[in-house]
Amino acid sequence: MSMMTYRQALHDTLRAELLRDEDVLLIGEEIGVFEGSYKITAGLLAEFGPRRVRDTPICEEGFVGVAIGAAMLGLRPVVEIMTINFSLLAIDQIVNNAAKVRSLSNGQLRVPLVIRTPGGGRQQLSATHSQNLEAWYAHVPGLKVLAPATPADAKGLLTAAIRDDDPVVVVENLGLYNTKGEVPDGEHAVAIGTAAVARPGADVTVIAYSRSTLLALDAAARLQDEGISVEVVDLRSLRPLDREAVCASVRKTSRAVVLEDDWLSYGIGAEIAATIQEGAFGHLDAPVRRVAAAEVPLPYAKGLELAAMPDGAALARAILDTLDATGFTA
């Protein structure tokens with residue numbers, strides 16, 4: 001195991017896959033000479049050359065379309081979209097082409113494409129650059145959507161995504177790039193569609209993903225001091241969703257709180273709540289609670305932005321309310 005940042009884990013994985021498979025190539029704005037907006041691709045142009053690390057003009061729809069065509073011809077492009085907010089400019093290519101080519105060709109064509117893109121708030125990037133749009137892509141059959149929370153999962157899930165024969169969207173929260181953690185050395189792939197129990201517990205389950213997993217783990221550690229045992233389930237994969245892992249945890253604890261950085265309505269949390277209702281309703285001692293961002297365009301002002309985002313205090317209140325509703329005493 002090696003200690004490294006989330007950013008370094010992504011960089012090292014891209015480099016390892018470029019070395020492993022000559023069909024892998026990188027495409028995106030400023031990923032070559034400038035080495036990427038967040039330096040994930042630092043040094044890769046110098047090492048692999050412009051044939052495999054392709055800088056593009058500012059034209060998301062164009063370079064995503066080029067990557068889809070390259071994938072259909074047998075290459076394995078990894079596209080970097082500077083921010084998930086800009087992916088809206090390529091949404092027709094992603095939703096109407098990448099997601100559907102396999103089905104429309106009756107399986108004769110595959111699109112082994114990876115789209116990496118960061119998103120999320122708390123960076124003072126204002127309303128149009130701070131969104132969590134992963135639920136949009138997780139809604140679409142034909143796409144796989146991943147949201148790693150740790151450097152180890154960043155390596156394991158990106159490795160699996162690049163080797164997958166279908167289009168995969170990897171969402172990287174901006175607040176995670178400088179976080180550190182232990183990463184397995186050598187070969188490490190995490191199966192797409194598998195959640196992880198990030199912290200075992202007995203009294204209540206918190207289901208989270210991406211950066212919200214770290215928030216959940218911090219809250220769980222604080223509540224442990226009050227005699228409350230919180231189990232944290234990290235979804236890791238938003239589509240396909242590991243529904244059995246979610247329900248298994250809820251069947252064990254009988255209480256559930258869903259935490260996400262995204263807006264509340266029509267989001268991942270709503271899907272998780274429905275999953276629990278369908279798969280573990282008979283085991284619930286209290287209604288499922290959801291903690292999410294305020295339903296407003298995120299403000300630029302730091303204080304207002306933080307006020308609109310879920311925090312540890314909001315999560316702790318939801319957990320305590322859930323426990324109180326069932327007469328729980330620590």
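This is a predicted model: local features need pLDDT of at least 70, side-chain atom pairs count only at pLDDT 80 or more; totals for chains, interfaces and linings use all residues.
Five strands, in the order 9-11-10-13-14, make up an open sheet whose pairing is mixed. Its edges are strand 9 (196–199) and strand 14, each of which pairs on one side only. With direction ignored, neighbouring strands of the sheet are turned by 25° against each other on average.

Strand 13 pairs with both strand 10 and strand 14. Strand 10 (residues 204–208) runs parallel to strand 13 and is joined to it by 3 bridges; here Ile 207 stands opposite Val 258. The pairing of strand 13 with strand 14 (residues 289–293) is also in the parallel sense, over 4 bridges. On that side Val 258 faces Arg 290 of strand 14, and Leu 259 stands opposite Val 291. Strand 13 is mostly covered, with 7 of its 8 residues buried.

## Helices lying across the sheet

Helix 8 (residues 211–224) lies across strand 9, strand 10, strand 11 (230–234) and strand 13. Its direction is at about 170° to strand 11.

Helix 12 (residues 312–325) lies across strand 10, strand 11, strand 13 and strand 14. The angle between helix 12 and strand 14 is about 170°.

## The pair formed by helix 3 and helix 4

Two packed helices are described by the angle between their axes and the distance between the axes. For helix 3 (residues 60–72) and helix 4 (residues 91–98), the axes come within 8 Å and cross at roughly 25°. Because angles under 35 degrees count as roughly parallel, helix 3 and helix 4 are classed as roughly parallel to each other.

Helix 3 contributes Glu 61, Val 64, Gly 65 and Ile 68 to the contact, while helix 4 contributes Asp 92, Gln 93, Ile 94, Asn 97 and Ala 98.

## Nonpolar cores

The largest nonpolar core has 46 residues. Those touching the most other members are Val 64, Val 79, Leu 113, Ile 207, Leu 235, Ile 272 and Ile 276. Elements that give two or more residues to this core include strand 2 (24–28), helix 6 (134–138), strand 7 (168–173) and helix 9 (243–253). Helix 3, helix 4, strand 13 and helix 10 (268–280) are also among them. Helix 3 gives the most, with 5 residues.

Apart from this core lies another, of 28 residues, including Met 4, Ala 9, Leu 26 and Ile 31.

Which residues does Ile 276 contact, leaving aside its neighbours within four places in sequence? The contacts of Ile 276 are with Ile 207, Val 246, Cys 247, Val 250, Ala 256, Phe 281, Leu 284 and Val 288.

## Gly 43

Gly 43 is placed in the loop between strand 2 and helix 2 (44–48). Is this residue buried or partly exposed? Gly 43 has a relative accessible area of 29%, and is therefore partly exposed. Its C-alpha atom is separated by 9.4 Å from that of Arg 15, a residue 28 residues apart from Gly 43 along the chain.

Technical notes. Residues are numbered from 1 along each chain as its sequence is written. Side-chain values use heavy atoms; hydrogens and water are left out. Axes are lines fitted to C-alpha atoms, for helices over the stretch in contact, and angles run from 0 to 180 degrees between N-to-C directions. Angles under 35 degrees count as roughly parallel, over 145 as roughly antiparallel, 65 to 115 as roughly perpendicular and the rest as oblique. Contact means heavy atoms within 4.5 Å. A nonpolar core is a set of buried Ala, Val, Leu, Ile, Met, Phe, Trp, Tyr and Cys residues joined through side-chain atoms within 4.5 Å. Buried means under 20% relative accessible area, exposed over 50%, partly exposed in between (1.4 Å probe, protein chains only). Two strands pair if DSSP finds at least two bridges between them.
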